[in-house]
Amino acid sequence: KAVVESEFPAEDKFEGLDAKTLPRKGVAAFLTVQEGCDKFCTFCVVPYTRGAEFSRPVEQVLAEARRMAAQGVRELTLLGQNVNAYHGVDARGRAVSLAGLVAELSRIDGIDRLRYTTSHPRDMTDDLIAAHAENPKVMPYLHLPVQSGSDAILKAMNRGHTAESYVRLIERIRAARPDMAISGDFIVGFPGETDGDFESTLELIREVRYASAFSFKYSPRPGTPAAGHEKRISEAVKTARLQELQALIQAQQAAFNAALVGRTVPVLLEKPGRRAGQVIGRSPYLQSVHLGGGLGLIGRIVDTHITGVGSNSLSGHYTHAA
C-alpha cells in the first residue's frame with residue numbers, strides 16, 4: 001500500500017515569507033498566517049502537498065502586519081488553507097485562536113479592515129462569529145465552502161458536517177451579523193452524485209442565499225481517495241448540473257448587488273479606473289465599486305452612495321472621505 005508523506009518541518013512552511021515578497025494590492029494586502037490541513041476531504045490533495053495544519057507565531061504575524069501598515073496597507077486578508085483553524089502561540093506561550101489574532105491585528109494603527117480565507121465549517125467557532133458582530137474592522141464577508149447539499153455526498157467527501165449543520169451555522173452567523181455576505185464553493189458531479197443529491201445542493205443554495213460562489217465540475221486528483229471511485233458521473237451530466245447551479249448562484253449574486261442600490265457604504269479605494277478621474281475600490285462585502293473623484297482618493301475609505309449595478313461591479317458617488 002502506497003503511503004504519502006504529508007509532513008515536513010514546521011519551520012520550513014513559512015521560510016522566505018516577507019512583507020516585501022507577499023502578494024500586494026496597494027492599500028490591500030494578503031498575509032499568510034496558516035498552512036496545511038488536517039481535514040482530509042477525499043477530493044483534495046492539500047493534506048498531502050502542504051502537510052499538517054501549522055500556524056505562524058502571533059508575534060511574527062503582528063510584526064509583518066505592522067510593516068505592511070507602515071507601507072500604507074489599510075486592509076489585510078489573512079490567508080490559510082484552513083485559516084479558521086489558526087492556533088498560533090503568543091509571546092507568553094499561549095495558544096491564540098483566529099479570533100484572538102484578529103483582535104490583536106485590529107489594534108494596529110493604520111489597519112482598518114480585516115478579512116480571512118479560506119474557512120472550514122467545522123472550525124467556525126463562537127468567538128470568531130462574535131468578532132464579526134463586535135469588531136468593526138472585521139468585514140461582513142465570509143467565504144465558507146460547503147461543497148454539496150447532500151449528506152450522502154458530504155459523507156463520501158469526508159467533510160465532517162451535514163447540510164443541516166451548515167445551514168444552522170449560517171443562521172448563527174447571520175444572527176450575529178445580519179448583513180453578512182456569504183460566499184461558498186461547490187463541486188458538482190462528485191462520484192455517486194444522484195439527481196436527488198444535486199437537487200439537495202440547489203435547495204441548500206436557495207436557503208442560504210449566497211452573495212457569490214465558486215463552482216466546479218469534479219475532477220479526480222491522483223492519490224486522493226475519491227479518484228478511485230467507480231461511480232463516475234458523465235461529463236455531459238456534470239456540465240448540465242454546473243450550468244444549472246451557476247445560473248442559480250448568478251441570480252442570487254445579482255439580487256445581493258441590486259439590494260445595495262440606494263445605500264451608502266464605505267469603500268476602500270485601491271486603484272485607478274479605466275476612465276479619466278475614475279477610481280476603483282471594494283465594499284465591505286468585497287464587491288468592486290467604481291466612482292469618480294480623482295486619483296487623490298486612492299488609499300482612502302470613502303462613504304459611497306451606490307447608484308448602479310454592472311455585471312460584476314457597483315457604481316456610485318462618494319459623500320465623505322476618511
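Contact here means heavy atoms within 4.5 Å. With that in hand, welcome to a few close-up views of a predicted model.

View 1. Ser 288 sits in strand S14. Setting aside residues up to four places away in sequence, Ser 288 touches Ile 280, Gly 281 and Arg 282, and also Asn 312, Ser 313 and Leu 314. Ser 288 has a relative accessible area of 18%; because buried means under 20%, this serine counts as buried.

**View 2. Val 309 in strand S15.** Here we look at Val 309, a residue of strand S15, which covers residues 301–309. Its contacts, leaving aside neighbours within four places in sequence, are Asn 257, Ala 258, Val 261 and Leu 314. Val 309 is partly exposed, and its relative accessible area is 39%. For a sense of scale, the C-alpha atoms of Val 309 and Arg 92 are separated by 49 Å, with the two residues 217 apart along the chain.

**View 3. The two sides of helix H4.** Helix H4 spans residues 126–134, and its buried residues are Leu 128, Ile 129, Ala 131 and His 132. These four lie on the same side of H4, because they cover an arc of only 150° around the axis. An α-helix has 3.6 residues a turn, so residues three or four places apart point the same way. The face turned away from the buried side carries Asp 126 and Glu 134, both exposed. The cover over the buried residues of H4 includes helix H3 (98–105), strand S8 (113–117), strand S9 (141–143) and helix H6 (163–176).

View 4. Searching the whole structure turns up three aromatic pairs. One of them joins Phe 186 and Tyr 210 edge-to-face, at 5.3 Å centre to centre and with 85° between the planes. This pair links distant parts of the chain, 24 residues apart: Phe 186 belongs to strand S10 (residues 181–188), while Tyr 210 is in the loop between helix H7 (195–208) and strand S11 (212–217). Both Phe 186 and Tyr 210 are buried.

**View 5. The pair of Phe 256 and Tyr 285.** These two rings are also edge-to-face, 5.7 Å centre to centre and with 85° between the planes. Phe 256 lies in helix H8 (residues 235–258) and Tyr 285 in the loop between strand S13 (278–282) and strand S14 (288–292), so the pair ties together parts 29 residues apart in sequence. Tyr 285 is buried, with a relative accessible area of 6%.

Definitions and conventions
Residues numbered from 1 in each chain as written. Predicted model: local features only at pLDDT ≥ 70, side-chain atom pairs only at ≥ 80, totals over all residues. Heavy atoms only, no water. Buried < 20%, exposed > 50% of the residue type's maximum accessible area, 1.4 Å probe, protein only. Arc of directions from axis to C-beta. Phe/Tyr/Trp six-rings, centres within 6.5 Å; stacked < 30°, edge-to-face > 60°.
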